[in-house]
Amino acid sequence: MGRSILCRALAIAVVGVAASFIPGHADAQAVVRGVLYDDATGAPLKGTVMLVDPSTDAAVVYTASDSAGNFTLRTRLGAYQLAAIHPGYTAVLSAPIQLVDGEQLTVRIPIAEKGGKPAVLPSEKS
């Protein structure tokens, strides 16, 4: 009887894992990739990039860009604002963007040093 329960638990676990790979609306995802860079010099920057829920102003997902300024964010479909911060620089926040199921968005985020001209993020998808 113990073996029967173990086999049933294993079967349920396998079905659950397999179901996570089947595309569905509840698991719909969008991917935002890009580069964070210094607006004046074009040099890539390490910093924090995030997707913000415009209705709550809360970060939904965030990541650090690497030494080449590259980052990848994965999230559910919906409306978000793209934000970036780096010490000594003025934070940037985009206009709301709508991410749809399976979308792969690539962006370049300019960020300006404090005291410099603030960078403006494009409001259109590129």
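Predicted model: local features only at pLDDT ≥ 70, side-chain atom pairs only at ≥ 80, totals over all residues.
Residues are numbered from 1 along each chain as its sequence is written, and side-chain values use heavy atoms, with hydrogens and water left out.

The protein has one helix and eight strands, where helices (H or I, at least four residues) and strands (E, at least two) are DSSP runs numbered from the N terminus.

Let me turn to S5, in which six of the eight residues are buried, that is, under 20% relative accessible area with a 1.4 Å probe, protein chains only. Strands count as paired if DSSP finds at least two bridges between them, and S5 pairs with strand S2 (residues 48–53) in the antiparallel sense over five bridges, Gln-81 being the bridge partner of Val-52. S5 also runs antiparallel to strand S7 (residues 97–99), with three bridges, and antiparallel to S6, with two bridges.

His-86 lies in the loop between strand S5 (78–85) and strand S6 (92–93). Is this residue, His-86, buried or exposed? His-86 is buried, with a relative accessible area of 19%. Leaving aside neighbours within four places in sequence, His-86 is in contact with Leu-45, Lys-46, Gly-47 and Ile-111, and its side chain reaches the backbone oxygen of Lys-46 at 2.4 Å.

Definitions and conventions:
Buried < 20%, exposed > 50% of the residue type's maximum accessible area, 1.4 Å probe, protein only. Polar contact = N/O pair within 3.5 Å; in protein donor to acceptor, adjacent residues only side chain to side chain. Contact = heavy atoms within 4.5 Å.
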